[in-house]
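I opened the model to look up a few things and note them down. The entries follow in the order in which I made them.

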Amino acid sequence: METTKEVVINAEPFVVNIGPVHPSTHGVFRMRTTLDGEVIVDMEPVFGYLHRGIEKLAEERTYTGCIPLTDRLDYLASMSNNLAYCLAVEKLAGIAVPERAEYLRVIMAELQRIASHLIAVGSFLNDCGAFVTPIMYMFREREKIVDLFDMVSGQRLTYNYVRVGGVSQDVPEEFIPALEKFLKEMPGWIDEYDQLLKENEILLARAKGVGVLPKELAINISASGPVLRASGVKWDIRKADPYSIYDRFEFDIPTGAAGDCYDRYRVRIEEMRQSLRILEQAMKDLPEGEVRSEVPHLIRPPVGEAYGHIEAPKGELGFYLVSDNSIAPYRFHVRAPTLINLTALSDMMRGWKVADLIIIFGSIDICLAEVDR
Amino acid sequence: MATAWLPPDWPGNFWAHWAIFAVISIVFVLLMFMVFVWVERRAMGIMQARLGPNRAGPFGILQPAADGLKVLLKEDIVPAKGDKVVHWLAPVVAVVPVLLIFAVVPFQGGALLVDLNIGILYIVAISSVTTVGVFMAGWASNNKYSLLGAMRQVASVVSYEIPVVLSIVGVILLAGSLSMQQIVMAQDIPFILLQPLGFLLFFIGALAEINRAPFDLMEADSEIVAGFHIEYSGMKFALFYLVEYGEALAISAIVTTLFLGGWRGPLLPPWLWFLVKVGIVFFVIVWIRTTVPRVRIDQLMALAWKFLFPLALLNLLITAVEILVWPAVSLWVMVPINIAVMIVLVLLWSRFFKLGWGKVEV
């Protein structure tokens with residue numbers, strides 16, 4: 001007589017390393033995921049592959065000499081990094097900035113925000129599987145911004161343009177007409193992106209409700225930037241603690257409601273529109289005059305500490321500087337927005353599938369050079 | 001009788017016909033493979049605001065040849081802990097069915113390797129074998145990414161295969177034959193007009209079958225990098241590449257034969273009509289690839305089971321009723337009716353259809 005045998009299927013979760021070399025990790029980031037089939041049981045981020053010791057390097061350099069180092073933090077938003085650092089030094093040393101330089105800084109920072117969001121949205125859509133098309137379209141427009149930066153600084157990636165006490169040089173004649181042309185064309189391009197993908201059924205199915213970051217969690221991990229605003233928190237340093245001359249401009253803070261991937265994508269698109277508004281106002285009011293105040297070559301700020309922070313494209317970028325009255329900062333600390341935004345990653349991912357992991361990660365928009373420093 | 005095993009028309013031109021068309025089919029596949037690779041890369045380049053390959057030869061037309069040469073010279077790597085025999089066998093198992101499909105595809109009237117009276121059934125059967133090759137590749141590579149890709153393929157094949165087959169049945173009812181040749185002969189009006197819903201369902205299912213966007217889950221380059229063929233290099237990789245484009249070519253040819261009237265058309269020679277139609281269908285596939293994002297595996301299965309499958313059943317029912325009730329009505333009258341039926345059904349069903357968000361409690 002046959003007896004029924006009990007068959008035990010040994011289906012235990014298995015570990016998959018996604019990264020450090022993977023097309024969708026936007027750099028060298030490793031996600032040590034525990035998968036149950038396709039479902040993510042656990043995810044542990046591993047980073048540090050791109051650590052260059054920038055904070056320590058800065059302690060050996062003059063205050064001006066640190067600016068190129070900040071270029072190399074979030075290389076997709078060098079202008080913003082320069083600006084945040086210079087604000088911190090100016091606070092520390094009590095240096096005033098000429099009016100025209102303030103406007104130029106705002107123009108550069110907002111152009112940089114558009115450029116960075118273009119990459120963020122493009123690569124997010126690429127992660128969703130819209131094969132290369134959106135990112136190529138968005139690179140096309142970023143190219144125009146990079147051309148503008150090329151005009152003013154001679155560089156296309158690491159600009160080193162904003163300096164302590166102003167900016168390195170005045171803009172050339174052809175800059176303003178080129179900027180006008182860009183401002184006229186850009187809204188049409190943003191509309192084009194929306195026409196192509198905003199209501200796309202597959203994108204809605206993939207991104208809506210996926211990777212929700214609840215409001216409370218977002219505040220608790222001190223998330224910032226589009227990630228925080230997509231969760232419905234109306235927090236923007238430009239309004240909350242206006243630096244430079246942001247209190248003179250009119251703009252709205254776009255927020256999301258659900259805090260899912262789709263909201264993060266929409267918030268970035270809307271922020272581009274708001275940046276264009278700021279740019280138009282700044283270009284209209286741009287005064288004549290000096291672009292750099294008299295600053296000694298070697299700055300020796302008085303003993304003390306200062307924290308300068310801005311609303312960088314990816315969140316609150318802060319530089320904490322301690323001075324011991326020497327020519328180099330005694331301590332140079334970067335509050336990297338993307339590192340802090342990453343901390344909620346495993347909470348957002350648990351229970352979703354591998355395909356969602358990629359787009360949740362992509363929707364946070366990180367730059368590994370800034371995470372690892 | 002001693003010669004009972006010989007074909008009935010022996011010593012007619014059976015063997016000559018067989019030899020010629022075997023060569024034609026294989027050359028056709030290989031040639032169109034290269035043309036399609038070029039077309040896809042150029043067309044995608046233009047659609048994506050870039051240039052595409054333009055170095056090798058005028059307009060880069062020699063790019064596929066250059067790629068082929070490069071692939072031939074590449075080292076063939078087998079993973080150390082992989083299953084070597086299965087790893088070697090997998091591309092073969094995947095590529096042979098693709099070539100076999102073209103045995104029954106009519107290039108023009110009578111110009112096909114063999115006019116099987118079960119032609120389309122043969123295609124449905126043989127095209128599923130590729131999945132086995134893909135699964136073998138994913139399993140033998142001893143790589144977690146490729147295993148994920150292979151698992152996705154197996155999970156999706158059971159979903160899309162049924163609506164694909166059911167949507168073909170409508171065509172078979174209209175044509176009254178399973179033979180590819182007879183199906184084309186029956187199309188005084190291209191069946192896409194009489195079977196618009198069937199065409200839609202078949203095309204969506206076919207995109208899943210050939211792993212093209214938006215259903216390219218099993219290779220999903222932004223997720224599992226290259227899926228099942230991540231551990232393949234050299235000529236074995238080229239074979240999988242051939243499978244991918246060969247399947248796209250096969251689906252284009254099948255869509256042409258079943259729904260677009262095959263080789264039939266005015267003015268141009270029949271074989272040219274066939275090529276033109278195949279090219280158009282392939283272009284649409286490329287167009288879709290550049291346009292839409294990728295669906296998730298559970299969404300693909302939900303789509304196949306909850307959307308395509310019921311609609312395919314309804315389509316079959318409606319077609320059967322039409323044929324039974326109005327056999328004598330002019331076909332042209334049925335065209336607007338069928339298109340209206342398709343629009344109503346698709347709109348209605350998409351209101352009931354919910355994908356769900358797919359989060360699992362862990």
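Which residue takes a positive phi just after helix 10 of chain B? I found G261(B), with a phi of about 85 degrees.

Conventions. I worked on a predicted model, in which local features need pLDDT of at least 70, side-chain atom pairs count only at pLDDT 80 or more, and totals for chains, interfaces and linings use all residues. Residues are numbered from 1 along each chain as its sequence is written, and chains are lettered from A and ligands numbered from 1 in the order in which they are written.

Helix 10 of chain B. I took helices (H or I, at least four residues) and strands (E, at least two) as DSSP runs numbered from the N terminus. I then checked burial, where buried means 20 or more other C-beta atoms within 10 Å of the residue's own, exposed 12 or fewer, and partly exposed in between, with C-beta atoms placed from the backbone. Of the 26 residues in helix 10 of chain B, 23 are buried.

For V89(A) I listed contacts (C-beta atoms, placed from the backbone, within 7 Å). Leaving out residues up to four places away in sequence, V89(A) touches Y63(A), V164(A), I299(A) and L321(A).

Chain A. I counted 15 helices and eight strands in chain A. Of its 373 residues, 51% count as buried. Among contacts in chain A between residues at least 6 apart in sequence, 71% join residues at least 24 apart.

Hairpin. Strand 6 (residues 304–312) and strand 7 (residues 315–323) of chain A run antiparallel and are joined by nine bridges; I counted strands as paired if DSSP finds at least two bridges between them. A hairpin links the two strands of chain A through two residues. E311(A) stands opposite E316(A) in strand 7 of chain A.

Interface. I found 35 residues of chain A in contact with 30 residues of chain B. Among the elements giving two or more residues to the chain A side are helix 4 (99–127) and helix 5 (133–153) of chain A.

How values were computed. Contact = placed C-beta atoms within 7 Å.
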